[in-house]
There are 2 protein chains.
Amino acid sequence: MERIEQHASHGGRQEVWKHVSSTLGCEMKFGLYLPDAALRGEKCPVLYWLSGLTCTEQNFVTKAGAQRYAAEHGLIIVAPDTSPRGDDVPDDPAYDIGKGAGFYVNASQAPWATHYRMYDYVVDELPALIEAEFPASQARAISGHSMGGHGALTIALRNPGRYRSVSAFSPIVAPTQVPWGKKAFSAYLGEDEETWKQYDTVALLQNSVERLPLLVDQGEADEFLEGQLQPQLLRAACEAVDHPLQLNLRPGYDHSYYFISSFIGGHIAYHAQALR
Amino acid sequence: MERIEQHASHGGRQEVWKHVSSTLGCEMKFGLYLPDAALRGEKCPVLYWLSGLTCTEQNFVTKAGAQRYAAEHGLIIVAPDTSPRGDDVPDDPAYDIGKGAGFYVNASQAPWATHYRMYDYVVDELPALIEAEFPASQARAISGHSMGGHGALTIALRNPGRYRSVSAFSPIVAPTQVPWGKKAFSAYLGEDEETWKQYDTVALLQNSVERLPLLVDQGEADEFLEGQLQPQLLRAACEAVDHPLQLNLRPGYDHSYYFISSFIGGHIAYHAQALR
């Protein structure tokens, strides 16, 4: 493990680390915000942030403006990369498959199955590393954007008790029904669509046992709203099983980090309340 | 003039515009944050932000997190590019001369003199455009980072009454005495060092008439502190002529946007008070 960046930020420190991931079989980077309390050695709760298509660990830490709120609430924020990386890792020229597009699944199909295991990385390896190496408590929350919103929701729903709270910005709520998800899941998981459902929020809600509330913000001017995101499917799925959902539709907002930065403060306050 | 980006942001709108600059003889882009009041047609005061070496109009608008504070205080923020641009504009392979490194001067030497007139662009053409085309009042403030902090301080000192307030992050306060400035001024202004002094904050302070206070934040872990920035020269110059200076030295902070984003809220509040 090696720290490759460190910057004082809002009284705490924004760092970037690299480490060899045994789950993914490659070197990985993640962003780590340590609030002042953590720098003094106090154990702090952790918010995991999962980014969207084409992102690395950099997008969230440079553009979301989350450090101010993490500092205010004494949260650590961990922002991993969105796929395995490196010359040995299979890729595809398209932006929505391969590197930068891990979709937070464990791939079962060649050539992806060896490295593309972002589900296990985010659920198991990364938290174990964070809790062993940094002043992190086991109080965890998870959030993300777009493909990462899909990752946050599915991971929270599949792991009852593991996260105190979950939220998402512009999530892909039904990947089995939309082009991004169908393309990625066909490649990573194969043609048996039954296997896709374990990574589909709307499908998972049908069998949800824990009633962890979902906080979701969605811009109404999002260019992917109709084609890929379809928040009405999430609303219907939650209503069908009486799963608590706060869905904030934000008029005029698009899919960009300008949207995230406008509302990340509210999400972090929400997680902080659950984590304390 | 053409709007090439628009994103809802903190209740207002972050835009990017391009236009043909007659001063610079090329097409230029600038970032424009319009708070809610401006979107409703109310005239709002304007903060001009000048970025540093290698930056475009994008760096500040994507990384500084300033929109939240501009929204809170009802300020427009205009963030121009740092040099003329385009295939016809002379350049240099080095990062600290040519494109991305206009140094906010009017060049007098070939091949730079035709296009490199960022001083006139920022002082005259850009404000005239903003005040004609957008709901901007004539209440102006100016700030910037590094090379742009140098630009903000020199432009405010040379134009008494034009700006209600000025501030800077990590400014190059004495370009005539440090490597970045000597290299750029030699190229743009020629070997007669007397002509350099009109673009040197420390030199200009010797003849300052207006007592516009200077607000400066400087990270003490800034990698350019000793070699290029030397805030002690600014402190001495202000003390020598009794010019009001608030110099905030920030332990642990570096030269990056993580530093700017940590303290931009205080600077915007300072400008808002002067502008109202």
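What is the volume of the second largest pocket? The second largest pocket has a volume of about 430 Å³.

## Model and conventions

This is a predicted model, where local features need pLDDT of at least 70, side-chain atom pairs count only at pLDDT 80 or more, and totals for chains, interfaces and linings use all residues. Residues are numbered from 1 along each chain as its sequence is written, chains are lettered from A and ligands numbered from 1 in the order in which they are written, and side-chain values use heavy atoms, with hydrogens and water left out.

## Annotated active site

An unreviewed UniProt entry places the feature "active site" at Ser146(A), Asp222(A) and His255(A). Those positions follow the numbering used here, feature names are shortened, and annotations may be inferred rather than shown by experiment. The set spans 110 residues in sequence, yet no two of the C-alpha atoms are more than 10.8 Å apart, so the residues gather at one spot. Ser146(A) and His255(A) from this set belong to the lining of the second largest pocket.

Ser146(A) sits in the loop between strand 6 (136-144) and helix 5 (147-158) of chain A. Helices (H or I, at least four residues) and strands (E, at least two) are DSSP runs, numbered from the N terminus. Ser146(A) is buried at 3% relative accessible area. Buried means under 20% relative accessible area, exposed over 50%, and partly exposed in between, with a 1.4 Å probe and protein chains only. Leaving aside residues up to four places away in sequence, Ser146(A) touches Phe169(A), Ser170(A), Pro171(A), Ile172(A), Trp180(A) and His255(A). Contact here means heavy atoms within 4.5 Å.

Asp222(A) is in the loop between strand 8 (214-219) and helix 8 (225-229) of chain A. Asp222(A) is also buried, at 5% relative accessibility. Not counting residues up to four places away in sequence, its contacts are Ser170(A), Leu229(A), Tyr253(A), Asp254(A) and His255(A). A polar atom of the Asp222(A) side chain lies 2.8 Å from the backbone nitrogen of Phe224(A).

## Two pockets

Rolling a probe the size of a water molecule over the atoms shows where empty space is left. On a 1 Å grid over the protein atoms alone, a pocket is an open set of points where a 1.4 Å probe fits, with protein on both sides within 12 Å along at least five of seven lines; lining residues have an atom within 4 Å of a point. Grid points are joined across faces, edges and corners, and a volume is the space filled by probe spheres set on the points.

The largest pocket has a volume of about 540 Å³. Its lining has 36 residues, and Lys63(B), Ala64(B), Ser256(B), Tyr257(B) and Tyr258(B) lie nearest its centre. Two or more lining residues come from each of helix 2 (58-63) and helix 3 (67-73) of chain A, and helix 2 (58-63), helix 3 (67-73) and helix 10 (257-275) of chain B. The lining has twelve nonpolar, 18 polar and six charged residues. Ala, Val, Leu, Ile, Met, Phe, Trp, Tyr, Cys and Pro count as nonpolar, Asp, Glu, Lys and Arg as charged, and the others, Gly among them, as polar.

The second largest pocket is lined by 24 residues. Nearest its centre are Lys63(A), His145(A), His255(A), Ser256(A) and Tyr257(A). Helix 2 and helix 10 (257-275) of chain A, with strand 1 (2-9) and helix 2 of chain B, each supply at least two lining residues. By class, the lining has eight nonpolar, 13 polar and three charged residues.

## Buried residues elsewhere

Ser9(A) belongs to strand 1 (residues 2-9) of chain A. Ser9(A) is buried, at 0% relative accessible area. Beyond residues up to four places away in sequence, Ser9(A) touches Gln14(A), Tyr33(A) and Gln67(A), along with Tyr253(B), Tyr258(B) and Ser262(B).

Leu234(B) lies in helix 9 of chain B and is buried at 0% relative accessibility. Among its contacts, not counting residues up to four places away in sequence, are Val173(B), Leu205(B), Val216(B) and Leu245(B). Leu234(B) and Leu245(B) are eleven residues apart along the chain, with C-alpha atoms separated by 8.7 Å.

## Backbone geometry

A cis peptide bond joins Ala110(A) and Pro111(A), with omega about -5°. The bond from Ala110(B) to Pro111(B) is cis, with omega near -5°.

Asp242(A) is not a glycine but has a positive phi of about 60°. Asp242(A) is in the loop between helix 9 (231-241) and strand 9 (245-250) of chain A, and is exposed at 64% relative accessibility.

Conventions: A polar contact is a pair of N or O atoms within 3.5 Å; within protein, one must be able to donate a hydrogen and the other to accept it, and residues adjacent in sequence count only if both atoms are side-chain atoms.
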